[in-house]
Each structure stands twice: as structure tokens, then as C-alpha cells.
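Here's a quick briefing to get you started.

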Amino acid sequence: MVRSGSGAVVPTGGTSREGGAARTGSAGARTAGGGATTGPTLAVVAREAGVSVPTASKVVNGREDVAPETRRRVTEALERLGYVRRPRVEAAKAPGLVDLVVHSLDSSWSGAVLHGVEEAAHNAGLEVVVSASLSRTRGGHPERAWLEKLTARGSSGVLLNLAELTPSQYAWLDQHRIPFVMIDPVVEPPPGVVSVGAANWQGGVSAAEHLLALGHERIACVGGYRRKMCGSARIAGYRSALASAGIRHRPEYVRHGNFDEASAHRRMLELLDLPEPPTAVFVCSDQMAFGVYRALAERGLRVPDDMSVVGFDDLPEARWASPGLTTVRQPLSEMAATALRLLVRLMAGEQPEGTRTELSTRLVERASTGAPRG
């Protein structure tokens, strides 16, 4: 069972253990050995936020029965004063429980990631708590409820899918000594952070080389967010392949969307309105490729007769599209399983040989590409 937001245990063969929250009394933060830290006490934090010590304790321990404005004031005081909450010895982490934090659970992309994590966790004798709350905010500040909840549960580690953490969130994980691995991070994580992704640059090369081999020279690209690491790598690969083939770079042929169907639809219409429109387009996600399909259909153009289209991901929908979408497959389930295995090593105190693991991509040819007309 998966419950968005608050988190739900996904049975994977291990014994479910939800440890209690590691609590700190009004005397202040304690080290694992029981001695007081040099940081501020919880009483000082409560006074700074203008609340009672029990209320501040509720925020620290991830309780939900706190008003949003009160939670905001306490959270700001915690960060401003540098309060460090450490688990007591008797509040040990549950060795059979890890968290998977995702933005949403309503896409086949997330489904493939969940499948990979679940299978690998089953083999490792672990259970997984899935939360879909990473991107939510309160009062304009990064939501930290998922962090508070995983410490309260006593999770031994956390997987972060498509995440972009703030410095305070990295610090929180470090302060609580919680191992974590990032799956396809939005931006390049800080040094030392372990992450798993796909060979996006090579995937962009493969997509462009496929279209070049069919005889296309006017090849456009519809990318995602400019700052997203995977999208910029795919565009860089596309440009590299064109340069190697001696094709002049045309800036007007590169458009950026939001990794969604609607923005890709708009970008494709812009490309079609150019004085010399492209004959083929590399789209940096399958979801965006469906927006491209819709734009072409609205203009009475056929795929691949009038426009060849290559996507990226190889989601199940790529096979169901009409015509079937030629796309670059990134091994989403394998990426997630690899991340879980790396997390298990971190939980055991081991350090991987490198911090970045990239899995190979490959082109899957279907019916959406062909030679240019004429």
C-alpha cells in the first residue's frame, strides 16, 4: 500500500519496524553518549519562537498537531540558532526500514522507480516507506516534514528521487547521520553525495546520430528545464553529434519546455512557424514527445512522413503511441535498484568507489522515424 504525503510502508519481505521518534527533552540536545552538546537547548529555541517547550518539541519530532504559522516560526528558530537534534541510544534506527521520497506517484516514471526499489529491497530483506511530499512548501520555506518523519520513524536510510535539496536539508541529514542516495538529482549534488543516473549525454548523441543516419540535417531539439542536469546533458550530446557530422548549430532549433506535454506542444508550434522548419526533432522526454505529436496533428502533419520524432525514457506509453515512439531507453528500474544497493552499503558503513554511478542508455527504434521527404 502507498499513501501519498504521510508515507506508507511497502512490504518487501522484511519485518516492519517503525521506531519511535528520537526525542529531546527541554534540557536541550544530547549526544549519543548522553552528554549535552554546545548548541542551544530546546528551551532557548522555544523562547526564540515565542512558543512553549512542548510545542517546540512537537515540531522537532515531526508531530502534525501544530499550526502552520507556529511550525514556521519554530523551524526558522531551529535553523537560525543551529539547533542539532540527535537520537538517544535507546531510540536506535530501525535496521529493516528505509525511506523513498518522490515528488509524485502519478506517473509511470515514478512507477518504474518504485518497482526497482521494491525488488532490490525485497532481496535485501528491507521494507520501504514511500512519501510523495518533497516539493511541498509552507510559508515559502522548504518543507521539512518528510525529514522529521523519517527521523521519527527511525529509518536507517533514505532514497531521494528527482530531488533538489536545500543546504539546510543536506545539513539536517548530515547532523542526524542518515545515509542517503539520490536518484537522478535535479542539479549536481555537493561533493561526496552518492547519486545514480543514466548516461544522458550519450543518449543525446544516440538520438541525433539515428536521425543523421536517416538523412536528416535540419534536426531540432525540445529540452526540459535549462538548469536540470539530465536535460542539459541530453542537449549537449545532441549538439556534439551534429558537430561531429559537420552540421551547423542553429540556435533557433533548440527550445526549452518544462518536461511536460503542454510546454512541448507550444515549443513544437514555434519550430513549425520558423521560415525553415526542421524535418526531425529530438525531444528530451517521452511525455514531451506526446505534446509534439499533438502539435503536428493540429497542423495536419504526419509522423514520420512529415516529421521524425525521437523521445527519451522509453516509458510504457512510448509503445502504445501511434505511431510507436522511437526513443532512448534509460533503465529507470535498474537505476533505482542500484541506488538501493548503494544505500545498503552506506548503511553498513562502507563507502562506494565513486559518488556518481551512470547506467547505459540505448536507442529503441519504432515507427516514429524515417528518411526526410524528397
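A word on residue classes: Ala, Val, Leu, Ile, Met, Phe, Trp, Tyr, Cys and Pro count as nonpolar, Asp, Glu, Lys and Arg as charged, and the others, Gly among them, as polar. This is a predicted model, so local features need pLDDT of at least 70 and side-chain atom pairs count only at pLDDT 80 or more, while totals for chains, interfaces and linings use all residues. Residues are numbered from 1 along each chain as its sequence is written, and side-chain values use heavy atoms, with hydrogens and water left out.

**The largest pocket**
- The largest pocket holds about 610 Å³ of space.
- Among the 25 residues lining the largest pocket, Trp109, Leu162, Lys228, Asn258 and Phe259 are the closest to its centre.
- A pocket here is an open set of points on a 1 Å grid over the protein atoms alone, where a 1.4 Å probe fits, with protein on both sides within 12 Å along at least five of seven lines; lining residues have an atom within 4 Å of a point.
- Grid points are joined across faces, edges and corners, and a volume is the space filled by probe spheres set on the points.
- Sorted by class, the lining of the largest pocket has seven nonpolar, ten polar and eight charged residues.
- Helix α4 supplies the largest share of that lining, three residues.

**The second largest pocket**
- The second largest pocket has a volume of about 270 Å³.
- Of its 14 lining residues, Ile178, Pro179, Phe180, Leu346 and Gln351 sit closest to the centre.
- Its lining has eight nonpolar, three polar and three charged residues.
- Helix α6 (residues 167-175) gives the most to this lining, with three residues.

**Helix α4**
- Helices are DSSP runs (H or I, at least four residues), numbered from the N terminus.
- Just after α4, Gly125 takes a positive phi of about 70°.

**Arg153**
- Arg153 is part of helix α5 (residues 145-153).
- Arg153 counts as buried because its relative accessibility is 10%.

Definitions and conventions
Helices (H or I, at least four residues) and strands (E, at least two) are DSSP runs, numbered from the N terminus. Buried means under 20% relative accessible area, exposed over 50%, partly exposed in between (1.4 Å probe, protein chains only).
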